[in-house]
Amino acid sequence: MNCDATPAPSIAHIPFFDDNVSPMGVFAFPSLKCIAINRAATELTGYEKEDFIGKTAVEIDIYSDTIDRGFLQKELLRGSPIRQTPILLRTRAGQNILSAVSVSLIRENDNTYLYCVLIELPRFAKPASFGERNWTRLHSLQQLGHVADWEIDIRTRKLWLSEEALRLAGLSAGTTSFDLSSIVNWLPTLTVEGIDDALQRRILDKGICDFEFKLLRKSDNEEVYLESKSVLLEVDGVPERISGVLRDITDLRVESQKIEQNAALLRAVVSNITDVIVVLDQDGKITYQSPNSAKYLGWGPDERLGYKPWEYIHKDDRKRVEDAFSKITATGIGSGSVLFRVITKSGLERSIELFAINLLNDEHIRGILVHYHDITEKRSAQIERDHTMHLLRYIVEHNHHSIAVHDKNMNYLYVSQRYLDGLGLHDCDIIGRNHYDVFPNLPQNLVDAHQKALNGEIVKADRYLFDCGEKTGWSRWECRPWYEEDGSIGGLIVYAEEIDEEIQMQETLLKEKEQFRTTLLSVGDGVIATDSDGKIRVMNRVAEQLTEKSQSEAIGRPVEEIVRIVDEETGDAYPNPVLLSLRAKLSVHPAHPLELLSPSGKRLPIECTASPIRNEETQISTGAVLVFRDFSEKRAKQKQVEFLSFHDQLTGLYNRRFFEERTRKCRSKADLPTSVIMFDVNGLKLINDAFGHAAGDRLLKAVAHVLEQNCPGNSCIARIGGDEFVILLPRCGIESAREIVRSIKERVNQERVEGIQISVSVGIGVRRDNTMSVESVQKEAEDLMYRDKIFDRNNQRYEAIQMIMRTLHEKSPREREHSRRVGEISEKIGEEIGLTQNELRALVTAGELHDIGKIAISNDILNKTGGLSSQEMTEIRRHPEVGYNILCSANAYAPLADIVWAHHERWDGNGYPNSLSGERIPLFARIIAIADSYDAMIEDRPYRKALSVEQTLAEITRCSGTQFDPELARIFVRQVAPELNSGVVVI
C-alpha cells in the first residue's frame, strides 16, 4: 500500500473531531504520516496544521525527550494500541507539558489509520510521577529488546545495566543496579577519582559520545573489547542521566590484527619479488611503487610518487602505452601483455613487458595495478634469432617452389610467402606451431612421407591433390631431411609446386561437356537439344514427361514430330520454334499463347524458348536448344487475375472498369438500338445501419441475382457503385427495355432482407443512331433513375422504419412495451409543461422510437444477465447514433433524429454520444431521458430486479441536476409520478 496516497478516513469514525476538547490526530499506517489534526492539538502545541500534515509522527518536533520519540516510534510501527502512556511534550514557545498519549487502530476500505488522543497530565496526576513511570517503562523495553544498555543517574551515582549488558560484562543476572564506584572491579585501570573525572567530562560534553575500552569479563577473566555510544539527558536544562549502548567488538579487533598480519606479509612479498609493482590513480599518477623499482629503473619507491610514468618510457613507445592505459580506464578491461622500452635514471634502455589490471572500483586500492617484468636479455636473444630467420627467408623467398622448414618434431621454423599464399595461411598463424596442429586431418600417406624423410629418405609426388581446409588444389612436391652440424637430422624441408593450371587445362573440356549434359538433364523445365537439321540429340526427364515420349524413342527423330505445338485460341498447328531459330540463327521467344499437343490428344499450355548453338570460332550453328515448361498453373492465375480485374468481388457481376471498356466497343450500327438501364438499390444505408453490413451485402447479392436471371444473354450487367447497377443491351429498343425492367421490378419486390422488402429505382436511356454516345445515353438513364428514386424514397423508407421497429419488437418483446410506456410517460410530462398537441404527437413518437438503434445490437448483449464488458458497453452506446442514422433516412422521421441521438446525454455533460450539457440537450430528449430511466428502474431487467416506485423516485431526485434536467425532474416527481402511481405519496 502506498502510504503517501492513503485517503483520509470517514469523519464518521471521529465524532466531533475538530471541536473535541482533547488534542487529536490521525496518522496513516505504516507510513505514520499525519493526515488530520484537530484545533485542540494546534492550540496545545502552538503549531499550525501545516506543521503536522504530511509529516510522520516522529518527524513532528514536539518531543522534549529523545527517549519518548524513540519509544513512540517503536510502538507506532508495531501497530499496538497505546493506553495513557506519559510523554513530555515541548510547545512552539519552548514550554514543557507532561501529557499522556493513547493510540487506537482503525481499518477502513483496506486502509489502516492510527488515532492519537493527548491528555494533559497535571489535570489528574502529579508531574513528579512522570519520571519514574517513564524510566520504568524504558528499562522494561530495553530488557525485552535484548539491548546492551547502560544508564547512570548523575544525582544518585547509580549505574543501571540491562541483562544484555550484564552478559557482556560477565556479571550474574538478577542485579541490574550498581554503585558507580564498582566499575573499578571490571576496569582495573580506573580509580574512583578517574571515574569522577570521566563523569564530569561527560557532563560537559553534551553531544553523543563514542569510545572503546577493554574490560576484564568477570565470568571467565577474559579480556574483551567493547564499544560504547552514549547521550546526556537533561530535564529543564539540568543534566540528569547518561544513557548508552554497548557493543562487543572483540572479534572485530582480532580480525583487524589478522588483516594487519596479512598486510605485513603482502608487503614482504611485494618487496622481495624481482618484478616491479606500480599502482596508478585514474589520472595516471603513481601512488605506489615497490622497493625493487630502484634495481631496474634506478628510482627509489618514493621518488616518483605523484608523477606519471610516461616520462621514463621510450618516446617511440609512449603513445602505445598511453592508449593501453586509456582503454583500461574506459572499459575496465585489463591490458594484456604490452611490450615497450624504458629509459632508466642512469640513461640506459631496457625492454619491459607490462600487465595492467583495472582496480578503480576496488574500495581499498582504487587505481590501476601495473606489473613490470624486465625482458631485456630475452629481447636480445629474440633479436638475434630474428636476424638469422630474416637471412634464411631472403635466401629461399626467391625460389619458385613453396618451401617449409620443420624441426624434427614437425614444428614450423620457416615458411616462404609462396607456401603461405598457396595454402591460404598467414605467417603469424604458423611459425612455431606444429604441422599436425595446423593440419589436424592430414592424410596418413603424408604423415608416412614425413617419417621417411626424418629417417633420411627423399620422398616425391608428381601429382597430388591437397586439401588444407583453407584451399584445395593440385601440387607436385618433394620432402627431404636437413642436417645439424654434427650430422644428425634436425628436421625436414618440403618443396611444393602448384600445378592447378596444368591439371585444369587437361580437364576443362571434359568438365564443360559433362556440365552441359548435366544441366540439360537436371533443370526443372523440359529441355531438348537438336543437331543443325533439327533432329533430337538430348532430351531430359521433364521433356519426356511433357511430350509423353521417352528419350530412346525421340533420339534421331525430327523435333516437330515429338514436340507438336498448336495455337491455343484456334487449335491450328504452330511453326516449331527450333526450326524457326535454326533458320533465323536467332533466339525465338513466341509471345502467342501456345499449347503442346500430346499423343493422347491432351492439350497443355506451355511457354517456350529456342536458341541456336554456335561454334565459338566459326559462329556456325551446330544445333539448337528448346526449353519449354508447363504453363497451366500460371495461365489459371492469369485468368483469375483477369476475372478479378473486370468483376465485382461481392456480386460476381462485371465492374465499372469492364463496363467502360465494353461501352467503348459498343458503337457500331449493328448494335443499334442500344439501351442502357440504370438501377439504384433503395435503403442500402438504412439496412447497413440497422442490421449491419453483412445484411447490406445480402441485399446487393439478391439484386444482382435477379438482374442475372431476367436479362438476355447478350447483355452486359455491371455493378458500378456501392448501390448502383447498370445493364448494357445491344440491339434492344425502348419497349424491350421496359419489359425487362418490369420483369426485374416484379421479381425484386418478391425479395426480402431482414424482413424488409427490396426495392430499386430505375432509369432507361436508348441510343438510336450514331450521333448519340453511349455516355450521354447512360447520363440520361441516370437522371431518370434519380428522379424515380426521389419520387419513391419517402414512402419506402417510412415503411422500412416501421419494419425495423416490428423486427426489434419481435426480437425483444420487452422493448415493445418499454417503448410504448416511454411514449406515454413522455406525453404526460409534456402535458404538464404545456406542449401543444402537435408537439405532444412528435414527443410520443420520439419516445416510441428512442431505442430503434438497438436493432443493431445482438440479443446476447441485450439480454445479458451479468455485467457488460467494455467492448459490450461500447456496442450498447452506439444505439443512439444508429437510431439517428435510421431516422435521418426518412423525411417523416428526420425531425426526430436529433432527439433520439441525444436521449442518453446528461445535464452535467457526462452523457453520450456527444457530451452535451444543460439546455444544449434538446427539450424532448431531456423529457425522454427521465421517462426512459423511470420505466427501466420500475421494471425487471435481465441483470437486476425492479426497484420500488419510492426507490425509483428517490433515485431520480438524487440525480436531479447531474443526470436529469432539475426542473423537469421536479415536475415529474411532484406532478406526474403521483398520477402514474395513485396511492404513492411523494414528499
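Author: What follows is a run through some labels and the values behind them, and note that the model is predicted.

Reader: Give me the overview, then. What does the secondary structure come to, and how much of the protein counts as buried?

Author: The secondary structure comes to 32 helices and 34 strands. Of the 987 residues, 43% count as buried. As for contacts between residues at least 6 apart in sequence, 51% join residues at least 24 apart.

Reader: Let's get to single residues. Why does D153 count as buried?

Author: Its relative accessibility is 11%, and buried means under 20%, so D153 counts as buried. D153 sits in strand 6, residues 149-153. Leaving out residues up to four places away in sequence, D153 touches K158, E240 and R241.

Reader: And what makes A670 exposed?

Author: A670 has 54% relative accessibility. The cut-off for exposed is over 50%, so A670 counts as exposed. You'll find A670 in the loop between helix 19 (656-665) and strand 29 (674-681). A670 and P730 are 60 residues apart in sequence, with 8.4 Å from C-alpha to C-alpha.

Reader: How many aromatic pairs are there, and why is the pair of Y654 and F658 called stacked?

Author: The count comes to 5 aromatic pairs. For Y654 and F658, the ring centres are 3.8 Å apart and the planes are at 10 degrees. Centres within 6.5 Å make a pair, and planes under 30 degrees apart count as stacked, so this pair is stacked.

Reader: Let's turn to helix packing. Why are helix 31 and helix 32 called roughly antiparallel?

Author: Helix 31 (residues 949-958) and helix 32 pack at about 155 degrees, with their axes 9 Å apart. Over 145 degrees counts as roughly antiparallel, and therefore helix 31 and helix 32 get that label. Their crossing is left-handed. L953, I956 and T957 in helix 31 meet A969, F972, V973 and A977 in helix 32. By class, that contact has 6 nonpolar residues, 1 polar and no charged.

Reader: What makes helix 24 and helix 32 roughly perpendicular?

Author: The axes of helix 24 (residues 813-832) and helix 32 (residues 966-980) come within 10 Å and cross at roughly 115 degrees. The perpendicular range is 65 to 115 degrees, so the two helices are roughly perpendicular. That crossing is right-handed. Helix 24 brings I825, K828, I829 and E832, while residues from helix 32 include L968, I971, F972 and Q975. The contact has 7 nonpolar, 1 polar and 3 charged residues.

Reader: One last stop. Which residues of helix 29 are buried, and what do they pack against?

Author: In helix 29 (residues 894-902), the buried residues are L896, A897, I899, V900 and A902. They pack against helix 25 (837-849), helix 28 (879-888) and helix 30.

Note on methods: Residues are numbered from 1 along each chain as its sequence is written. This is a predicted model: local features need pLDDT of at least 70, side-chain atom pairs count only at pLDDT 80 or more; totals for chains, interfaces and linings use all residues. Side-chain values use heavy atoms; hydrogens and water are left out. Helices (H or I, at least four residues) and strands (E, at least two) are DSSP runs, numbered from the N terminus. Buried means under 20% relative accessible area, exposed over 50%, partly exposed in between (1.4 Å probe, protein chains only). Contact means heavy atoms within 4.5 Å. Axes are lines fitted to C-alpha atoms, for helices over the stretch in contact, and angles run from 0 to 180 degrees between N-to-C directions. Angles under 35 degrees count as roughly parallel, over 145 as roughly antiparallel, 65 to 115 as roughly perpendicular and the rest as oblique. A crossing is left-handed if the near helix is turned anticlockwise from the far one by less than a right angle, and right-handed if clockwise. Ala, Val, Leu, Ile, Met, Phe, Trp, Tyr, Cys and Pro count as nonpolar, Asp, Glu, Lys and Arg as charged, and the others, Gly among them, as polar. Rings of Phe, Tyr and Trp (its six-membered ring) pair if their centres lie within 6.5 Å; planes under 30 degrees apart count as stacked, over 60 as edge-to-face and the rest as tilted.
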